[in-house]
Amino acid sequence: MYTDKVMDHFTNPRNVGEIKDAAGVGEVGNAKCGDIMRIYLQVENDIITDVKFKTFGCGAAIATSSMVTEMVKGKTLDEALEISNQAVAEALGGLPPAKMHCSNLAADALHEAIKDYIAKKGK
Amino acid sequence: MYTDKVMDHFTNPRNVGEIKDAAGVGEVGNAKCGDIMRIYLQVENDIITDVKFKTFGCGAAIATSSMVTEMVKGKTLDEALEISNQAVAEALGGLPPAKMHCSNLAADALHEAIKDYIAKKGK
Amino acid sequence: MKRIYFDHSATTPVDREVAELMMEYMTEKYGNPSSVHAFGRETRKAVEEAREKVAALINATPNEIFFTSGGTEGDNLAIKGVAYANRKKGNHIITTAIEHHAVLHTCEYLEKQGFTITYLPVDEHAMVRMEDLKNAITDKTILISIMFANNEVGTIQPIKEIGQLAREKGIYFHTDAVQAAGNCPIDVKELNIDLLTMSGHKFYASKGVGALYIRRGVRVEEIQHGGGHERNMRAGTENVPGIVGLGKAAEVAMRDMDKKVAYVKGLRDKIIAGITEKVPHIKLNGHPDLRMPGNVNFSFMYIEGESLLLNLDLKGIAASSGSACTSGSLDPSHVLLSMGLTHEVAHGSLRVSLGRGNTEEEVNYFLNVVPEIVERLRSMSPLYGS
Amino acid sequence: MKRIYFDHSATTPVDREVAELMMEYMTEKYGNPSSVHAFGRETRKAVEEAREKVAALINATPNEIFFTSGGTEGDNLAIKGVAYANRKKGNHIITTAIEHHAVLHTCEYLEKQGFTITYLPVDEHAMVRMEDLKNAITDKTILISIMFANNEVGTIQPIKEIGQLAREKGIYFHTDAVQAAGNCPIDVKELNIDLLTMSGHKFYASKGVGALYIRRGVRVEEIQHGGGHERNMRAGTENVPGIVGLGKAAEVAMRDMDKKVAYVKGLRDKIIAGITEKVPHIKLNGHPDLRMPGNVNFSFMYIEGESLLLNLDLKGIAASSGSACTSGSLDPSHVLLSMGLTHEVAHGSLRVSLGRGNTEEEVNYFLNVVPEIVERLRSMSPLYGS
Ligand SMILES: Cc1ncc(COP(=O)(O)O)c(C=O)c1O
Ligand SMILES: Cc1ncc(COP(=O)(O)O)c(C=O)c1O
Ligand code: FES
Ligand code: FES
């Protein structure tokens with residue numbers, strides 16, 4: 001059902017956890033199946049220096065969470081904002097059709113976290 | 001499907017054939033399935049001395065024809081008239097439900113033949 | 001006593017390879033394809049591979065194949081499914097007088113639901129006339145259901161012409177190919193077929209499994225409700241052993257098609273020639289050329305089918321008949337009567353349906369015993385020689 | 001890696017004896033039971049013997065048993081068949097909110113055909129309240145359809161009380177016993193059941209075969225049209241291998257019933273005790289006592305079912321979940337939601353369904369790996385400990 005890449009990120013998820021006093025936190029709920037993903041960011045000079053996640057969801061949700069954290073580490077905020085849901089799914093070698101909505105979770109949570117950081121900084 | 005008795009009378013039918021200038025001939029068609037049975041009688045002193053049949057029909061029809069001819073040989077006409085369809089079926093050890101109408105053929109043809117004899121004699 | 005099976009149109013033995021594969025999917029690979037775990041994934045994969053093989057057999061694509069419990073369900077799903085889904089377009093269905101009961105009784109049921117059915121007559125060879133079909137079409141016609149090959153007399157209908165006409169008129173075309181599928185080549189694309197019913201047990205897969213081909217885009221409503229199996233077209237846990245067996249049987253059928261057709265045809269023609277030569281007062285039923293490779297159907301005048309069958313059975317030969325006495329119904333075969341046969345002639349019909357496992361030796365034995373049996377039964381018949 | 005199968009409610013492996021018998025009826029005794037010749041007579045006899053065995057399993061008489069292609073068809077035939085045949089008496093049907101989709105979607109279809117359906121709620125243990133049932137009955141009620149045992153949480157309904165009430169009121173009572181039949185004792189006479197659905201693949205017969213019990217005298221209209229098979233109740237060539245297998249499985253089930261129930265119950269209770277002891281924040285779903293011998297269903301708070309299943313699968317264990325993510329649907333199990341579980345708790349459900357082939361060793365292994373998996377997933381969960 002899942003690609004080897006998905007199973008790899010599912011069994012050994014990267015960057016699980018929380019960041020205390022994170023610069024930005026984004027949480028999204030999956031309207032489709034009721035699952036939840038939260039992403040924590042640490043930012044320095046507009047560069048993402050650390051990222052962690054917590055996810056309540058299926059194998060695809062966990063794998064996309066893990067993958068998206070890998071993809072953004074060291075990226076600028078602008079670069080990170082350009083990471084699309086599709087890019088995450090592709091990086092995992094694809095997802096089953098019924099699971100495509102899970103990849104939306106990961107990029108959305110990331111973008112929410114960035115928005116949170118910008119909003120906080122703006123204050 | 002059929003009892004051994006039925007199969008015996010089907011494979012070795014008794015009294016197949018015609019009687020030239022028979023004293024009585026009875027023919028019935030089976031309304032249910034379109035089959036035909038003809039019985040020929042020879043009668044002396046109200047006793048059936050010879051009987052033959054010809055049948056176009058299923059295994060049960062042939063077996064009941066054969067059986068009825070066996071049952072009436074040597075019987076008086078009155079005795080023969082009392083042979084019922086059920087008696088023929090029973091003498092064969094029973095017939096499958098779907099084939100019960102075939103036994104009607106045999107006794108009916110016999111009774112027709114007797115009626116024919118009586119009618120001819122009456123003239 | 002040696003037993004000879006000449007009744008392949010009724011059902012076939014299951015191919016050894018097919019049966020062994022089914023065994024594997026019963027005792028070792030038994031997962032439910034809907035399950036997400038390893039047991040489920042392995043049977044899901046097997047079901048989808050079987051779908052590919054069944055699709056290949058008739059030149060369809062896999063997503064056009066829906067597994068069923070057999071030919072009867074396939075015919076019910078095709079005809080009711082199209083009728084219900086397209087009710088707004090019209091309520092008229094055209095079929096023929098010689099269809100299998102799975103089609104005829106489904107149509108009769110639909111008549112009670114407000115549909116109008118035209119039952120096309122056939123000619124003396126059981127062939128539909130294109131002229132009759134053309135004349136029957138109205139602007140309310142939503143479906144034409146005409147069988148590929150007849151199960152009693154083997155006549156193969158002008159499927160390509162029918163398909164072309166239906167496509168031109170924008171009417172769906174269903175064909176009951178239960179006898180044909182796996183036993184003669186079929187190409188649904190070339191023939192413009194919209195729906196096609198097949199049944200496993202007629203081509204060396206098991207009883208209890210079949211498939212319905214539904215061309216992509218054809219509107220069909222499901223008739224069995226429940227889980228979302230078969231893309232919502234047929235609820236119920238997939239009959240995995242049956243389905244993988246059907247796939248294997250399709251593969252074997254495709255691989256051996258030309259060889260099998262030629263071989264079976266050879267036996268068939270030998271029987272036709274032999275009976276014609278050896279037995280007087282007979283009539284070959286069905287089309288002389290456009291008939292199924294394995295089908296022989298003769299009427300033996302003056303005798304009745306069940307008696308003939310029983311005698312053959314006593315000699316170890318299994319065949320079939322269109323006689324009312326055999327079927328337990330009141331009338332002899334509706335197919336034979338539709339072809340214009342009288343009751344008596346229809347009664348004396350014998351169907352021999354050959355399969356790939358039959359031999360020349362069996363044919364010779366048959367040709368030896370038939371004349372004497374027929375002669376004996378005729379000598380008992382009040383219709384003969386009088 | 002050793003594979004452990006804990007998903008017997010989804011499907012079971014086919015019993016070795018059953019599979020071998022099926023093999024025989026595929027490759028050697030392959031006649032069509034409708035045929036009059038020796039090949040046909042031998043399978044007709046086998047089908048009728050199977051009917052006797054299936055009847056014996058539930059204390060019915062053989063002529064009350066009708067073979068089907070499985071549980072889904074049985075439910076469709078029972079419910080639509082009673083609905084259509086008794087339309088003149090009334091158009092109201094009572095069922096429950098926790099039925100299998102084969103019942104629920106059939107009822108929803110009937111709603112579109114003008115029937116009114118009451119879906120009874122259930123209590124926290126998935127049990128129907130007799131009070132609710134009594135209140136739902138109107139003078140238009142023609143059928144009560146309530147499942148024997150639930151497939152997700154294993155709860156066994158008060159079948160005897162329901163049967164008695166239905167009989168008193170002159171309303172037909174159908175029960176979907178797909179999970180129960182062959183896995184716990186059933187006596188249709190004692191329980192006043194009018195119709196009962198069973199499915200072979202839930203008790204060690206093959207997928208693709210089942211039976212519907214219809215008490216003598218109950219009016220049911222056939223839904224699959226065609227030949228006169230199964231006394232005009234279910235057209236289509238009999239699935240002989242499937243049917244003889246079902247008969248054998250019924251025989252085996254009856255023979256081993258008490259032993260099997262006790263054994264499976266033992267494993268079940270060991271798992272329930274073990275999980276309760278080793279894992280915090282859990283909830284046993286279903287009735288504490290009145291549940292199927294092989295059913296375990298827990299909700300693990302803060303985690304999601306598919307992740308749990310996948311992790312178990314990686315450890316070689318096959319189980320199932322009521323999570324929406326597993327089913328591919330939008331909502332988690334309608335059964336768990338009907339019992340009052342929240343979405344999150346329903347999401348974290350795990351069903352382990354045990355069979356006669358499972359071992360104590362397998363149970364121990366499971367009890368070893370579950371706590372660590374749950375702990376790991378919880379450590380990833382935004383719902384846990386925050
Ligand atoms: C032409 C035709 N259609 C339909 C059927 C029904 O198929 P099944 O027996 O698989 O239900 C048969 C055979 O019985 C058939 O010969
Ligand atoms: C309670 C219940 N009813 C009906 C069904 C459907 O049976 P089948 O899969 O044989 O169609 C199932 C299983 O899938 C079930 O568990
Ligand atoms: S004569 Fe026709 S069934 Fe017996
Ligand atoms: S999170 Fe529910 S399906 Fe992926």
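**Start at the axis**

Select S69(D): of the residues of chain D, S69(D) comes closest to the rotation axis, at 3.1 Å (C-alpha). This is a predicted model, where local features need pLDDT of at least 70, side-chain atom pairs count only at pLDDT 80 or more, and totals for chains, interfaces and linings use all residues. Residues are numbered from 1 along each chain as written, chains are lettered from A in the order written, and side-chain values use heavy atoms, leaving out hydrogens and water.

Now show chains C and D. A rotation of 180° with 0.0 Å of shift along its axis puts chain D on chain C, RMSD 0.0 Å (least squares on C-alpha atoms of residues with pLDDT of at least 70 in both). That is the relation of a two-fold axis. Colour the interface: 100% of chain D's interface residues are also interface residues in chain C, so the copies meet through the same surface (contact means heavy atoms within 4.5 Å).

**Next, a helix pair**

Select residues 240–278 of chain D, helix α8, and 360–380 of chain D, helix α13 (helices are DSSP runs of H or I, at least four residues, numbered from the N terminus). Their axes come within 10 Å and cross at roughly 20° (lines fitted to C-alpha atoms over the stretch in contact, angles from 0 to 180 degrees between N-to-C directions). α8(D) and α13(D) are therefore roughly parallel, as angles under 35 degrees count.

Show side chains: Y263(D) and L267(D) are among the α8(D) residues that meet α13(D), whose partners include F366(D) and P371(D).

Note on methods:
Helices (H or I, at least four residues) and strands (E, at least two) are DSSP runs, numbered from the N terminus. Angles under 35 degrees count as roughly parallel, over 145 as roughly antiparallel, 65 to 115 as roughly perpendicular and the rest as oblique.
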